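Colleague: I have a structure open and want to go through some parts of it with you. Can we take it piece by piece?

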Amino acid sequence: MTARAAEGSPLGLHRVVSPPGVLPQAADRLDPDPRLREDEVRVDVEHLNLDAASYRQLHEEHDGDGDAIREAVCRIVRERGKMHNPVTGSGGMLIGTVAEVGARASLGLRPGDRVASLVSLTLTPLELTDGLRSWDGLSERVPARGHAILFGRSVAAVLPPDLPDELCLAVLDVCGAPALAARTVAEAAVGTGAAPSVAVLGASGKSGSLVLAAARRAGAGRVVGVVPDAAEEAALAATGLADTVLRADARDAVALSAALADCGGPADITVVCTDVPGCEHAAILATREGGTVVFFSMATSFPAAALGAEGLGADVRMLIGNGYQPGHAEAALALVRTEPAVRGLLERRVTAETPPLALSAAGHAEVEGATGPVESTGEAREIGAAGPVVPAVPPEAVGPGALAGLRGTAAATTPIASRTTASPRRAARLGLDGELVRRARVLAARVGRPVVDMARTHTTVAVERAALRLAGLSGADPEGIPWTNRLVDAVRDQVGLEHGVALPVWHALSAGAAPDLAGLAARATARNVGFRVPEGADADRAVRGARHAMAGGIAVIDARREERERMLRRWGRTAGPLIYLIVATGDIHEDVRQAVAAARGGADVIAVIRSTGQSLLDYVPDGATREGFAGTYATQENFRLMRAALDGVSAELGRYVRLTNYASGLCMPEIAVLAGLERLDMMLNDSMYGILFRDINPVRTFVDQRFSRQLHARAGIVINTGEDNYLTTADAMQAAHTVTASQLLNEYFGKEAGLTDAQLGLGHAFEIDPDLPDSFRMELAHALLARELFPDAPLKWMPPTKHMSGDIFRGYLLNGFFNLAGALTRQDILLVGMMTEAVVTPFLSDRDLALQNVRYVMQAAGALEEDFRPAPGGTIAHRAESVLREAVGLLERICDRGLLDAIDAGTFGGTRRPADGGRGRDGVAERAPGYRNPAVELLENPQPHFETAGAPAAARLARREGSDRP
């Protein structure tokens with residue numbers, strides 16, 4: 001066989017048996033010979049997932065006889081060499097393990113990878129070897145043995161380790177639907193300048209629930225879900241995914257049209273996700289004139305759709321649901337991770353339809369956890385393994401779904417004796433009510449969604465300044481006022497912020513007002529330039545220029561993330577806990593000396609506390625600083641100096657030392673940009689802290705928080721949230737449920753912004769009054785509750801502060817108990833407690849003693865967590881369940897009044913903050929139709945890597961070095 005023949009056709013033409021000359025999907029029969037061409041991949045099949053329309057047809061044809069259905073499927077595969085239902089023309093997809101990879105295969109798969117095919121079984125050569133004897137024929141999910149062949153142009157996804165196989169199979173089977181819906185909604189929003197209304201037929205099914213969430217996230221306005229019966233209506237209404245749930249027959253065009261008329265009229269976009277035929281006319285009548293119908297159902301008759309639209313005189317655009325979109329698998333899995341309501345619907349459907357999967361050939365087994373089935377693989381849990389280095393935009397890089405492939409590298413040897421491999425996720429120890437846990441997440445999403453919608457429709461001076469920093473503007477004028485502030489203030493004074501700064505700024509640059517951003521900022525400061533909001537071709541030109549510049553900044557952040565990953569690969573990942581130590585002298589050069597000493601003493605994370613007043617500064621100071629109040633100013637130069645010092649000591653120690661700072665206060669988004677540019681690893685980032693403890697306007701802070709978290713997601717930064725602070729002003733027993741509720745809200749806000757579980761450093765603290773009876777048992781209950789609610793989050797465990805009385809001996813003992821609680825409940829980020837807390841700023845000797853305390857406890861405890869099992873129904877389990885129920889009750893009350901009103905009422909930390917009060921309110925603007933911010937667009941909308949990284953390397957480096965300064 002010649003080399004050319006050996007490689008074969010990437011389209012699979014060489015696998016077509018009959019008729020000759022057609023593509024594999026159109027073929028009557030394919031050749032499933034297991035011998036590979038050089039560009040092919042052979043997969044050992046574990047499960048098939050028949051598409052809904054195909055299975056329904058088979059079920060009806062054989063009157064629900066499972067044996068007959070099984071034989072029908074075997075016959076189709078035997079006769080056609082693929083699973084291609086001759087009646088519906090559809091097939092499904094498969095899960096399996098890669099067995100062999102051709103020498104020139106380009107799919108990026110390796111032997112041993114567990115994968116799901118993302119192309120239809122109707123074009124995948126398939127041979128079954130077990131007669132499907134393990135399948136009862138009564139569900140769409142089919143245990144199977146055999147092999148399948150993937151071509152050069154096939155598409156497959158490596159299964160993520162954090163989601164059960166059944167759930168992945170259900171999601172990946174329909175992952176094209178939410179991707180196409182999101183793109184259609186986004187295009188409509190850009191084209192009209194308004195949020196389009198969306199109706200989804202079959203809204204409570206697999207594809208329908210994903211489409212609802214994707215449409216909302218892409219900017220939809222009114223969202224209507226259409227379901228067939230009362231049970232589906234109740235299930236969907238409980239999730240809050242749709243603004244309105246209609247119970248209607250999607251085949252009854254007149255009745256459905258009338259029902260929609262009663263709740264706002266026809267939709268701008270209608271998505272058909274039903275698995276029954278005859279919905280074409282109803283979908284057309286459900287759509288306004290000039291609107292769009294997306295048919296994502298294999299039961300659709302496209303002649304009926306085309307002729308129906310003609311006969312009805314309906315001017316609608318009709319799209320055939322393409323099962324492939326760039327990034328569709330990652331985006332769909334991200335929705336499952338970040339939308340508890342979607343996951344709940346899918347898990348219920350999967351559970352109802354399918355028994356749990358047996359142990360697979362790859363050795364994966366399913367165990368039941370507090371929030372549903374979770375996978376136990378025996379691998380180490382990594383701290384801050386945020387996923388692979390990403391290309392240009394979510395979902396892969398910044399968002400959920402990122403890089404499970406970087407798991408499991410060995411921990412480096414360090415002075416902390418417990419640097420052993422962490423335990424795999426264990427079965428639940430508290431026996432939490434799974435339904436209660438699911439309800440908690442659904443309520444958190446319902447509370448959080450209006451806040452996200454508000455953030456999507458507003459901007460702030462800090463968001464606009466952050467976008468300019470991404471575009472390369474840095475430095476300050478002779479008075480120390482940053483050029484970003486000068487330029488944004490000039491634009492706001494002349495044309496407002498409602499359209500964003502990108503349009504007026506890049507319009508001025510294209511008109512020759514200045515050679516670069518720095519020059520424009522200088523001229524604007526001197527009032528020598530006029531700004532206006534361009535329209536038409538001028539606006540398009542301005543957006544292109546801004547996008548190119550801001551993409552350069554994102555490319556720098558991507559490169560810095562790649563640096564981190566290279567270092568972690570070189571030195572290994574610490575399996576936990578990460579020992580977190582604070583420095584805060586006010587002088588960055590002294591901070592550097594102390595940080596290096598702390599790293600040599602065993603610290604894994606160095607946190608540079610920010611000067612207290614900086615939260616309230618509406619600008620970021622420039623350059624290195626040598627004075628600050630109770631901390632050191634966060635500046636780009638200070639970040640650079642500390643990062644360089646820690647990189648040096650990392651090389652000396654042979655382990656990566658992480659750097660933490662604060663992205664909070666009035667400049668939260670700007671500091672997030674600087675953290676990404678200078679490769680910080682963790683950032684304290686919690687809007688509630690600024691609202692409650694710095695009296696920053698709630699609207700301002702929630703808008704700023706969303707953009708900053710999108711940046712952190714892109715940079716691979718682990719956020720630390722501030723729930724521990726609530727317990728410094730409120731009683732730790734009475735207010736424990738507010739911590740849990742806030743953690744659930746932070747999880748929702750973080751994942752909505754694209755953060756993965758591994759980037760959610762949710763905060764809690766050891767702050768119960770030690771004089772209370774059973775205080776240590778209560779601390780264990782609270783800590784274990786957080787661990788089991790968020791099993792994959794790197795929890796940030798804070799030491800006692802409120803009850804540190806100045807008795808250093810008692811304080812040292814309390815810190816030992818704190819460290820022991822962290823070991824027993826597997827806390828991942830452990831802040832070193834100082835026995836001199838509340839007495840003096842710690843001396844270096846105090847830090848050394850504190851590190852000795854951590855070392856002793858962790859070494860002595862070893863894997864004690866494995867033996868810690870609270871008694872079922874005992875004090876610890878009862879307390880944890882009680883706190884969770886109180887948190888659910890609180891979230892229910894917040895749903896009724898809204899989060900902003902709850903904050904105004906003093907719900908969190910006992911501090912009242914009104915939505916129209918606080919600092920920075922004047923820096924908020926509601927977005928106008930036509931608002932453009934390419935930085936936001938690049939972070940939210942998938943783009944190929946080469947488009948975002950298009951700025952030349954020299955230009956990117958120039959930005960890093962500040963050559964854009966005047």
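Colleague: In which hand does H14 pass H15?

Modeller: H14 passes H15 in a right-handed crossing. A crossing is left-handed if the near helix is turned anticlockwise from the far one by less than a right angle, and right-handed if clockwise. Before we go on: this is a predicted model, where local features need pLDDT of at least 70, side-chain atom pairs count only at pLDDT 80 or more, and totals for chains, interfaces and linings use all residues. Residues are numbered from 1 along each chain as its sequence is written, and side-chain values use heavy atoms, with hydrogens and water left out.

Colleague: OK. At what angle do H14 and H15 pack?

Modeller: Helix H14 (residues 461-470) and helix H15 (residues 483-495) pack at about 125°, and their axes are 9 Å apart. Helices (H or I, at least four residues) and strands (E, at least two) are DSSP runs, numbered from the N terminus. Axes are lines fitted to C-alpha atoms, for helices over the stretch in contact, and angles run from 0 to 180 degrees between N-to-C directions. The angle makes H14 oblique to H15. Angles under 35 degrees count as roughly parallel, over 145 as roughly antiparallel, 65 to 115 as roughly perpendicular and the rest as oblique.

Colleague: Which residues of H14 and H15 meet?

Modeller: From H14, Val-461, Glu-464, Arg-465, Leu-468 and Arg-469 meet Thr-484, Asn-485, Leu-487, Val-488 and Arg-492 of H15. Contact means heavy atoms within 4.5 Å.

Colleague: Now the sheets. What is the strand order in the 9-stranded one?

Modeller: The order is E23-E22-E21-E20-E19-E18-E26-E25-E24, an open sheet with parallel pairing. Its edge strands, each pairing on one side only, are E23 (760-761) and E24 (763-765). Two strands pair if DSSP finds at least two bridges between them.

Colleague: Is E18 largely enclosed or open?

Modeller: Strand E18 (residues 578-583) has 5 of its 6 residues buried, so it is largely enclosed by the rest of the structure. Buried means under 20% relative accessible area, exposed over 50%, partly exposed in between (1.4 Å probe, protein chains only).

Colleague: Which strand does E18 pair with over 3 bridges?

Modeller: That is strand E26 (residues 829-831), in the parallel sense. Leu-578 has Ile-829 in E26 as its bridge partner. E18 is also joined by 4 bridges to strand E19 (residues 605-608), again running parallel, and Ile-582 stands opposite Ala-607 there. The chain gets from E18 to E19 through helix H19 (residues 588-600), in a right-handed β-α-β crossover. A crossover is right-handed if, with the strands pointing away from the viewer, the path from the first strand over the helix to the second runs clockwise.

Colleague: Other sheet, then. How many strands are in the antiparallel one?

Modeller: There are 6, in the order E6-E7-E3-E4-E5-E8, and the sheet is open. E6 (126-128) and E8 are its edge strands. The twist averages 35° from one strand to the next.

Colleague: Where is Asn-49?

Modeller: Asn-49 lies in strand E3 (residues 41-50). Asn-49 is buried, at 0% relative accessible area, and stands opposite Arg-141 in E7. E3 pairs with strand E7 (residues 141-150) in the antiparallel sense over 8 bridges.

Colleague: And Ala-156, what is its relative accessible area?

Modeller: It is 22%, so Ala-156 counts as partly exposed. Ala-156 sits in strand E8 (residues 156-158). Leaving out residues up to four places away in sequence, Ala-156 touches Leu-109, Ala-116, Ser-117, Leu-118 and Leu-150.
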